[in-house]
Amino acid sequence: MSRRFLVLWAGRHRRRGWDDLCSDYRKRIEREMPVDDRMLKVKGASEDPRRRSAEGRAMLDALPDPCWPVALDAGGRTMPSEAFAGELARLRREWPHPVVFLIGSDLGLDPGVVKRARTRLSFGPMVFGHELARLVLYEQLYRALAMDRGIKYHRA
């Protein structure tokens, strides 16, 4: 079993409402798997293109070694919840190290982070704010674990 899930996300603000929503899913996930959540805050003006590369460096520096990095990227692979659950179950069986999910800020993920990822995952062609993407990720992680255990949460 992999040691844990880690969610690394770049942001400029931490809003309590989003943290509360994510916390509910984290508590459910932690029944099956340790999960850590880490915001990476980099100084820089909101429109400064150097901020995205600084966020990328901070993300790459925060990656545990070894790990399985998964970039949440609009250009990544889309998959139904069942396929995502299958991928996570496979990683939990075969990969004994952290699985790290990477979420970019309002500027998106730095190309170096996307390149470093072993998996690129997309929630579809729409763009989501990083706070909403984080919440959707937690819900899908919980859904995948529930499916793996046979808990009646997912309905096809």
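Tutor: A pocket is an open set of points on a 1 Å grid over the protein atoms alone, with protein on both sides within 12 Å along at least five of seven lines. Its volume is the space filled by probe spheres set on the points, which are joined across faces, edges and corners. This is a predicted model, with local features needing pLDDT of at least 70, side-chain atom pairs pLDDT 80 or more, and totals for chains, interfaces and linings using all residues. Residues are numbered from 1 along each chain as its sequence is written, and side-chain values use heavy atoms, without hydrogens or water.

Student: How much space lies in the largest pocket?

Tutor: About 380 Å³. The lining (residues with an atom within 4 Å of a point) has 20 residues. Leu72, Asp73, Ala74, Val127 and Phe128 lie nearest the centre. Strand S3 (68–77) and helix H5 each give two or more residues to that lining. S3 gives the most, with 3 residues. Helices (H or I, at least four residues) and strands (E, at least two) are DSSP runs, numbered from the N terminus.

Student: Where does Phe128 lie?

Tutor: In the loop between strand S5 (119–121) and H5. Phe128 is partly exposed, because its relative accessible area is 33%; buried is under 20%, exposed over 50%, partly exposed in between (1.4 Å probe, protein chains only).

Student: What span does H5 reach?

Tutor: The expected span is 1.5 Å times one less than the number of residues. H5 (residues 130–149) has 20 residues and reaches 29 Å from first C-alpha to last, close to the expected 28 Å.

Student: Is H5 mostly covered or mostly uncovered?

Tutor: Mostly covered: 15 of the 20 residues in H5 are buried.

Student: What follows H5?

Tutor: Gly150, with a positive phi near 80°.

Terms used. 1 Å grid on protein atoms, 1.4 Å probe; cavity = no way out; pocket = protein on both sides within 12 Å on 5 of 7 lines; lining within 4 Å.
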